[in-house]
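Open the model in a viewer and keep a selection tool ready. The tour goes from the chain interface to salt bridges and then to helix packing.

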There are 2 protein chains.
Amino acid sequence: MPEIYKQLDALQDKLENHYHDMQDMEFTVQEGKLWFLQTRNGKRTGTAMVKIAMDLLKEGLIDEKTALMRCEPNKLDELLHPVFDKDALKKAKVITQGLPASPGAGCGQIVFFAEDAAKWHADGHRVVMVRIETSPEDLAGMSAAEGILTARGGMTSHAAVVARGMGKCCVSGAGAINVDYKAKTVEIEGVVYKEGDYISINGSTGQVYAGEVPTKVPELSGDFKELMDLCDKYTKLQVRTNADTPHDAQVARNFGAKGIGLTRTEHMFFEDKKIIAMREMILSDTVEGRKKALEKLLPYQKADFKGILEAMDGCPVNIRLLDPPLHEFVPHDAAGQETMAKEMGVSVTDIKKRVDSLAENNPMLGHRGCRLGITFPEITAMQTRAILSAACELKKEGKDPRPEIMVPLIGILYEFKQQKEIIEATAKEVFEEYGVTIDFEIGTMIEIPRAALTADRIATEAQYFSFGTNDLTQMTFGYSRDDIASFLPVYLEKKILKVDPFQVLDQKGVGKLIKYAVKKGREVRPELRCGICGEHGGEPSSVKFCAKIGMNYASCSPFRVPIARLAAAQAAVEE
Amino acid sequence: MPEIYKQLDALQDKLENHYHDMQDMEFTVQEGKLWFLQTRNGKRTGTAMVKIAMDLLKEGLIDEKTALMRCEPNKLDELLHPVFDKDALKKAKVITQGLPASPGAGCGQIVFFAEDAAKWHADGHRVVMVRIETSPEDLAGMSAAEGILTARGGMTSHAAVVARGMGKCCVSGAGAINVDYKAKTVEIEGVVYKEGDYISINGSTGQVYAGEVPTKVPELSGDFKELMDLCDKYTKLQVRTNADTPHDAQVARNFGAKGIGLTRTEHMFFEDKKIIAMREMILSDTVEGRKKALEKLLPYQKADFKGILEAMDGCPVNIRLLDPPLHEFVPHDAAGQETMAKEMGVSVTDIKKRVDSLAENNPMLGHRGCRLGITFPEITAMQTRAILSAACELKKEGKDPRPEIMVPLIGILYEFKQQKEIIEATAKEVFEEYGVTIDFEIGTMIEIPRAALTADRIATEAQYFSFGTNDLTQMTFGYSRDDIASFLPVYLEKKILKVDPFQVLDQKGVGKLIKYAVKKGREVRPELRCGICGEHGGEPSSVKFCAKIGMNYASCSPFRVPIARLAAAQAAVEE
């Protein structure tokens, strides 16, 4: 039917030119006649989406702004992570389903403990870490694994947040899996999988497969780079990254991050010798005891900060002082408590007592953040010393370190003033010792509702605001991220909530506080830099909101940097 | 020196007439000459304060408004509680110091368990309950005791709040006492006190005395009543009470409360048979199981509500639906778990599993408040049925019950709508069954920052707002009341906070949210009734704040009603 073909080809061109987009057309040929039934813009994968937009741009069918608007930010995610081989996937068997907590495909042998993950990985195995839930002690293992599967925890559980930060795939809250740590087995729907058995997980869908499903690493094509360049041309909102290691900083920089919006210092304490010194600090009864332990920590911290500042040379690096409750760092097992007793020359009973005394009813609302720095000012002094010593050394080596020191969990102006005094006094000492001076800023996280409500007071002292929207969402809604699983599903099902507010920023409530704080802060300090560093910093609608209310930057985990860049550019175009 | 005396007497009159207040004068007589060194308004006890003000008023030296302003609201507290005999107190030995958690003096024999307190009390002993901390299970014991002494907990711990509500004296957070429940002893500074030993505590100062220090009950004099009548003449803000029992309601009514601002239903569940049914409800896996248990609870609840509505006949009674996390109700001990296993015909392991599954990381931010009513709508239905059935029965008996049903912990308009639908549907059923109709209102507690921020949305459905400033303070500051003891003392010492924000309402932060919510709520519902029912409802500066922003009432524990009435009247005079 060469005639029909010619007609079809012409019509197809005409429709594509009319809609300026790839068309998904339905037609039929009946009794030698071509009938067009319907046409609509075609659905596409992330890769195709970018290719089509850039092709249409190059063909002159659409302009740059339209090309930007044609791409859906979240779909870029597919381009950045490994995916399963399509043919292999067809044959694979789904054995259970969890939450799609961190995108990408991962395949490896089951291990249950962080140490085993690290050991097997060192021996050349690919592993998937399977846990009931993860804690900061599992970080090294998670880092060594291809992916993480947990029985408990939501989209913002420890496993999910850390995995997204690392760019590891993760399926969390797979309630049907029964982990037996003692036997090193996991039972799923009646089948028992042992340590060493292969398993595959898809963190983009939440599906879990038995056996080995091959994965492939996607290439970042030229089209992708061109799209990102286009973003930079239009965006007003800068994109930074949340990174705690030189490696993450480098990954994000390669993705186009313009600095670090959040370096959490707490993860740095979990490696072997550091955790002993950290525990000694926490378990000490006296200022002297704490200072002795902090002196041991100082060189580790300095080295960590030096690595990060070096990887981000010439770009701002916003470092948050110690934030989590101390209870998270101390040993809860007998062996760990014995080690500490020996190390500190006290009885196990004493250690146990001190550990127990740190337990809190609601740790999220307890002794953490700047409350630690205020009750233990020597911690703030040590961390400041570590940050600025690292910067001084780099400067002497001819580098351009740009640290920012951020005081967390401020709710009262006087908290900030008190911490700022310690930071400034320590800075003076360090600069004298090194004989160089570093330009640095002291800012705060706005994550307590009261900080937002009194932003005009806090901005009299703070040089910048970084909105910690995870905590701000927790306190504005009164939801604990760790406990939300018991009612969130019902809320979504009954349409009381349209989306999980920890994933998509709640503009009506939390957003109102943020907008108010930006406005009030700039009333007293017009040049006040405002950024967001919560999980929302990588979610398109939230990034657009931040752009629209005039924030200076959004900061997100490295693998979401391209998504945030596109969303930010779109916000500028929409304006 | 009759001449000097005459001079002195004349001058003293002149000064008192000049200052219109009792004077504290210093003078000396040197070489036969009278010298006046200084004079100032005299300090006085609460009783003297009231007497002097009313005397001056009667003498025509001051007017009514001045008489009102001359009295310090907090000093009324002394008039309402037992005090130690002054002579005996001089000989008494202070053995330790805790927080002055609930005013008054108490003396009795030491007991450590609620059951013992009740038993000893029934046997005619006066007892002081000594605990590490208290929980809802201790209520009956606390009620039977003369006072409560705890090792842990702040001014807003369970013990403190409940004791203030009951008008019992309480010393909390006495860190130096070491309670040994097994041995039934408490060691204080090296001395061991056994069950049955006498101890005396002063809840107004936090001091603890060894042995028996006699107390005396103060009389409410005619002056006091006259002062209260004067308050009513000027006040714009009404005073209600927080009461969970007919007894408390009656006490408060005698003190002049115009209704109940908060009836918590949770305390009602802790008596013997009720707690079994309550636990059965919580531990059930199915809707049917829960409904069966709720049917057992219904008659108990109805009787409780009937008693309270009757005691407050003709006055509004605001009843809050179930609020605390379910974990607080279930048995954590082996014996309790066995009882429930037997009762429900399941294994102890099953019970234990269910109990464990209810544990939360941050219960304050977890599955509680209306989140319970939404996930388990049958609870809301049962409580509504109990409230309205009680009201219908009273109406048929010729009474005038005025219930208000309050949905707690609202953060989203749709939460409220969903609960309101259940309440209205149940009301319709109950009214048809009884053949009578009760006028009642459905309102909400504003205690989540997001509720305040979206007050204009919530007021489209809610008929009144009751500000729960305890929770609102917790979430606005990000402070857990139960964990604040680890940093609050340092905050007060370093002057980061001037006062404990759980005692004195923070007007700069929390107050800003409240003011905003009242304003926004009345924009859509001009007649919106607004009240406060947190602990702050009995604190003078907080009550004045509420009056100034146009609230309709403040609600406080019965023994603070006179204080709130005076503060409210002063606010009106100040305006």
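Buried area is the accessible area, taken with a 1.4 Å probe, that two parts lose on being put together, summed over both. The model shown here is predicted.

**Stop 1: the interface**

Select chain A and chain B together. Between them they bury about 4,100 Å², and carbon and sulfur atoms carry 58% of that area. To display the whole contact, select 44 residues from chain A and 44 residues from chain B.

**Stop 2: salt bridges across the interface**

Stay at the boundary of chain A and chain B, where the rule finds two salt bridges. For one of them, select Arg450(B) and Asp506(A), whose closest N and O atoms are 2.7 Å apart.

**Stop 3: a salt bridge within chain A**

Over all chains the salt bridge count comes to 94. For a pair inside one chain, select Asp24(A) and Arg40(A), whose side chains form a salt bridge at 3.6 Å, N to O.

**Stop 4: two helices in chain A**

Next select helix H10 (residues 246-254) and helix H12 (residues 287-311) of chain A. Their axes are 8 Å apart and the packing angle is about 10°. H10(A) is therefore roughly parallel to H12(A), since angles under 35 degrees count as such. On the H10(A) side, show Pro246(A), Ala249(A), Gln250(A) and Arg253(A); on the H12(A) side, show Gly307(A), Ile308(A) and Ala311(A). The residues of this contact divide into four nonpolar, two polar and one charged.

**Stop 5: two helices in chain B**

Finish with helix H9 (residues 222-234) and helix H24 (residues 561-574) of chain B, whose axes come within 8 Å and cross at roughly 45°. H9(B) and H24(B) are therefore oblique to each other, and the crossing is left-handed. From H9(B), display Phe224(B), Leu227(B), Met228(B), Cys231(B), Asp232(B) and Tyr234(B); these meet Pro562(B), Arg565(B), Leu566(B), Ala569(B), Ala572(B) and Val573(B) in H24(B).

How values were computed: Residues are numbered from 1 along each chain as its sequence is written. Chains are lettered from A and ligands numbered from 1 in the order in which they are written. This is a predicted model: local features need pLDDT of at least 70, side-chain atom pairs count only at pLDDT 80 or more; totals for chains, interfaces and linings use all residues. Side-chain values use heavy atoms; hydrogens and water are left out. Axes are lines fitted to C-alpha atoms, for helices over the stretch in contact, and angles run from 0 to 180 degrees between N-to-C directions. Helices (H or I, at least four residues) and strands (E, at least two) are DSSP runs, numbered from the N terminus. Angles under 35 degrees count as roughly parallel, over 145 as roughly antiparallel, 65 to 115 as roughly perpendicular and the rest as oblique. A crossing is left-handed if the near helix is turned anticlockwise from the far one by less than a right angle, and right-handed if clockwise. Contact means heavy atoms within 4.5 Å. A salt bridge is a side-chain nitrogen of Lys or Arg within 4 Å of a carboxyl oxygen of Asp or Glu. Ala, Val, Leu, Ile, Met, Phe, Trp, Tyr, Cys and Pro count as nonpolar, Asp, Glu, Lys and Arg as charged, and the others, Gly among them, as polar.
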